[in-house]
Amino acid sequence: MSLVSSEPTVITASDAAFDGDRARTYEVRTFGCQMNVHDSERLAGAMESAGYVKFSRAHEVEINPDLLRAATDEQPDVIIINTCAVRENASNKLYGTLGHLASIKRNREGMQIAVGGCLAQKDQAAVITRAPYVDVVFGTHNMGALPGLLERSRHNAQAEIEILESLETFPSTLPTKRDSTYSGWVSISVGCNNTCTFCIVPSLRGKERDRRPGDVLAEVEALVADGAIEVTLLGQNVNTYGVEFGDKLAFGKLLRATGEIEGLERVRFTSPHPAAFTDDVIAAMAETPNVMPQLHMPLQSGSDRILKAMRRSYRSDKFLGILDRVRAAIPDASISTDIIVGFPGETEEDFQETLRVVEEARFAIAFTFQYSIRPGTPAATMPDRLPKEVVQERFERLVALQNRISFEENQAQIGRTVDVLVANGEGRKEAASHRFGGRTPDMRLVHFEVPEGAEIPRPGDIATVTITQAAPFHLLADEGYSLRRTRAGDAWDRSQAESCGVPASSGAVNLGSTHGTPGGPSVGLGMPALRSRA
């Protein structure tokens, strides 16, 4: 069992969080994957527990006078950049952003900039060398140190760098400022034991460390008690969960255990690894009603030769066999994937194998990437790099194929009646089209209209609609509307009332709109059901 601490982390109030009687404001900017989004919620929780206030821009503020005062400044007092080292051009994105912030900081007395996450763990002091106006650099293993590092930097008037080489405390023990009242991320493990040649994650997040099942379930129960009805279990490789305590069936057992939590309507997980995906997990998905019929299964390449070069310990036949067994057990399952184009040494024959597998797999959606070098990975020094124009042409062919398949799969949904978990601003065109949006059980994005005179949904409510049109990346539903108000919608009302300064009642507060003022749930400790501050 891991020696990493799972005790709740208490963040004390920081003198640096205040200028006189005014609480200083912060903003977290997140680059990268779902793990970074989850980590950013922890960073926000730590900042608010220390006394900072989330920065709100003037156009976001409608009612709350305290938020309006905070928004009168053009920039927050503290900007935290949570970085990624996996996504393409991660370094360019970070240092480009920092370059933009340099002039802003010169004109904003007392402003601080903190850089954390995977790229900070990788570059360490080099961040300060390239951007000497950065105040704090912290890594993936010590997120809870951020408020203290900001205070130390402000007091000493110099940059503070703190990078730990291994995890001492699970990030899930930190206070959390959730972005959503109705849906939440729950980390079940951190780190990864795989050695994929293109991936830098294991060197930045370390070996896999598993949380205790009881701690995971306690956090899920706490989320549900706060009003959430959807939870996503999160890990670099969720289906190796249990490796530390010697139970190869632990992940399937965990899925089944979530099915026993009253009030939890939707359970998802991301991401598994094909090599470790076993039939007991498929059975748990099929037999646990609140585990959703949706699976993200990273392919990376359809060529067995390239999979071997990537050190992906499966081959295309095994991958397709997993999909066949999933669909046999869960006929309506929606499956998505990740694919890399242009890995060193990839030939046209290799690429044709990828196209073949994509055609057979019938993914609902594929996240496609052109290979780019990650310094420090084995693939970075491999020979036979492909010319940019060759990679681009293959990428375009793959995208065209997948767009066709996505459109065909979505067209098959027309006429179906689906339950949509209504989201807050899911989709860019909602405000202009006066539609609402959300996700089906199989994770398809649906935009729907509310008939005149019908009850308006709140984020977290469930709208039942009939699909009438399809596009490659979303569905439209203009018929069959009905609404089920949920505990999650009630939680949304309460969060809006709190953000507006309205005393929360014991029941729901209906503000009559899905577009309220900014805000969200109070800061809570990730485990178990504890509160950090009022």
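Predicted model: local features only at pLDDT ≥ 70, side-chain atom pairs only at ≥ 80, totals over all residues.

Colleague: How many helices and strands does the secondary structure contain?

Modeller: The chain has 16 helices and 25 strands. As for contacts with a separation of 6 or more, 74% are between residues 24 or more positions apart.

Colleague: How many salt bridges does a search of the whole structure find?

Modeller: In general, side chains of opposite charge can pair when their charged atoms come close. Here the search finds 38 salt bridges. One of them joins R268 to E230, with the closest N and O atoms 3.0 Å apart. R268 belongs to strand β14 (residues 266–270) and E230 to strand β13 (residues 230–234), so this pair ties together parts that are 38 residues apart in sequence.

Colleague: Are R268 and E230 buried or exposed?

Modeller: Both residues are buried. R458 and D461 are likewise a salt-bridged pair, their closest N and O atoms being 3.0 Å apart. R458 and D461 are buried too. Salt bridges may also share partners: D19, R22, D77, R108 and R154 are joined in this way into one network.

Colleague: Which residue forms a salt bridge with E455?

Modeller: The partner is R485, and the closest N and O atoms are 2.9 Å apart. This pair links distant parts of the chain, 30 residues apart: E455 is in the loop between β20 (445–448) and β21 (462–466), while R485 is in the loop between β24 (479–484) and α16 (487–499).

Colleague: Why does E455 count as partly exposed?

Modeller: Partly exposed is the class between buried, under 20%, and exposed, over 50%. E455 falls there because its relative accessible area is 39%. R485 is also partly exposed, with a value of 33%.

Colleague: Which residues form a nonpolar patch on the surface?

Modeller: The patch consists of I365, F367 and F473, which together have about 270 Å² of accessible area. F473 is found in the loop between β22 (469–470) and β23 (475–477). Its relative accessibility is 47%, so F473 counts as partly exposed.

Terms used. Residues numbered from 1 in each chain as written. Heavy atoms only, no water. Patch = residues over 30% accessible without salt bridge, like charges linked within 9 Å, V, L, I, M, F, W, Y side chains within 5 Å. Areas by Shrake-Rupley, 256 points an atom, 1.4 Å probe, with all protein chains shown as cover. Salt bridge = Lys/Arg side-chain N within 4 Å of Asp/Glu carboxyl O. Helix = DSSP H or I, 4+ residues; strand = E, 2+ residues; numbered from the N terminus. Buried < 20%, exposed > 50% of the residue type's maximum accessible area, 1.4 Å probe, protein only. Contact = heavy atoms within 4.5 Å.
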